[in-house]
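Me: I would like to go through this model and ask what each label rests on. Please set the values against the definitions as you reply.

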Amino acid sequence: MARGGFPGMGGGNMQQLARQAAKLQQQLQDAQEQLAAREYEAASGGGMVTARVNGKHELLSLAIKPEAVDPDDVEMLSDMVVAAVNAAMKAAEEDSEKTMGKLTGGINMPGLF
């Protein structure tokens, strides 16, 4: 067995692989931090309701125009809120998948992000 390695593998190759893995891990961590800091906004109801979320999928703000508030149709307002929040969350998720996919070559790596 090669000293400090596995049979059939030179120690230098293992060190290079370990360095590459450490570099990829750092890149993934940096990307996760950048994604968490990003903000995404989406609107519904023709701009009557606007939701803003961050990359951690936290709702940061929800703006509702006064004319969207109709006491006789609270259900419509509720639907607009849900639609705006879901659209903003989807934008955050798609950005995360795109960004992380560039680093992982499209390979799903559960637990990393």
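**Labels and what they rest on**

Me: What is Val49 in contact with, leaving aside its neighbours within four places in sequence?
Reply: Val49 is in contact with Ala42, Ala43, Ser44, Leu62, Ala63, Ile64, Leu77, Met80, Val81 and Ala84. Contact means heavy atoms within 4.5 Å. This is a predicted model, in which local features need pLDDT of at least 70 and side-chain atom pairs count only at pLDDT 80 or more, while totals for chains, interfaces and linings use all residues. Residues are numbered from 1 along each chain as its sequence is written, and side-chain values use heavy atoms, with hydrogens and water left out.

Me: Which helices and strands does the protein chain have, and what makes a run count as one?
Reply: There are two helices and three strands, in the order α-β-β-β-α along the sequence. Helices (H or I, at least four residues) and strands (E, at least two) are DSSP runs, numbered from the N terminus.

Me: What makes a set of residues a nonpolar core, and which residues have the most contacts inside the largest one?
Reply: A nonpolar core is a set of buried Ala, Val, Leu, Ile, Met, Phe, Trp, Tyr and Cys residues joined through side-chain atoms within 4.5 Å. The largest has 17 residues, and Val49 and Met80 have the most contacts inside it. Two or more residues each come from helix 1 (11-37), strand 1 (39-44), strand 2 and helix 2 (74-104). Helix 2 gives the largest share, seven residues. In soluble globular proteins, nonpolar side chains tend to be buried together.

Me: Why is Asp95 called buried?
Reply: Buried means under 20% relative accessible area, exposed over 50%, and partly exposed in between (1.4 Å probe, protein chains only). Asp95 has 17% relative accessibility, so Asp95 counts as buried. Asp95 is in helix 2, whose buried residues also include Leu77, Met80 and Ala84. Across the protein chain, buried residues make up 22% of the 113 residues.

Me: What makes Arg38 and Asp95 a salt bridge?
Reply: A salt bridge is a side-chain nitrogen of Lys or Arg within 4 Å of a carboxyl oxygen of Asp or Glu. The side chains of Arg38 and Asp95 meet at 2.7 Å, N to O, so the pair meets the rule. Arg38 is in the loop between helix 1 and strand 1 and Asp95 in helix 2, 57 residues apart, and the pair links distant parts of the chain. Arg38 counts as partly exposed because its relative accessibility is 31%. Leaving aside neighbours within four places in sequence, Asp95 is in contact with Leu35, Arg38 and Tyr40.

Me: How many salt bridges does this rule give?
Reply: The count comes to three. In another of them, the side chains of Arg52 and Glu39 meet at 2.5 Å, N to O. Arg52 lies in strand 2 and Glu39 in strand 1, so this pair ties together parts that are 13 residues apart in sequence. Arg52 is partly exposed at a relative accessible area of 26%, and Glu39 is partly exposed at 48% relative accessibility.
Lys90 and Glu94 also form a salt bridge, at 3.8 Å, N to O. Both lie in helix 2, four residues apart, about one turn of the helix. An α-helix has 3.6 residues a turn, so residues three or four places apart point the same way. Lys90 is exposed, with a relative accessible area of 52%, whereas Glu94 is partly exposed at 44%.

Me: How do you know that the span of helix 2 agrees with its number of residues?
Reply: The expected span of a helix is 1.5 Å times one less than its number of residues. The 31 residues of helix 2 should therefore span 45 Å, and the end C-alpha atoms are 44 Å apart, which agrees. Just after helix 2, Gly105 takes a positive phi of about 70°.

Me: Why is Glu67 called exposed?
Reply: Glu67 counts as exposed because its relative accessibility is 53%, and the cut-off is over 50%. Glu67 is found in the loop between strand 3 and helix 2.
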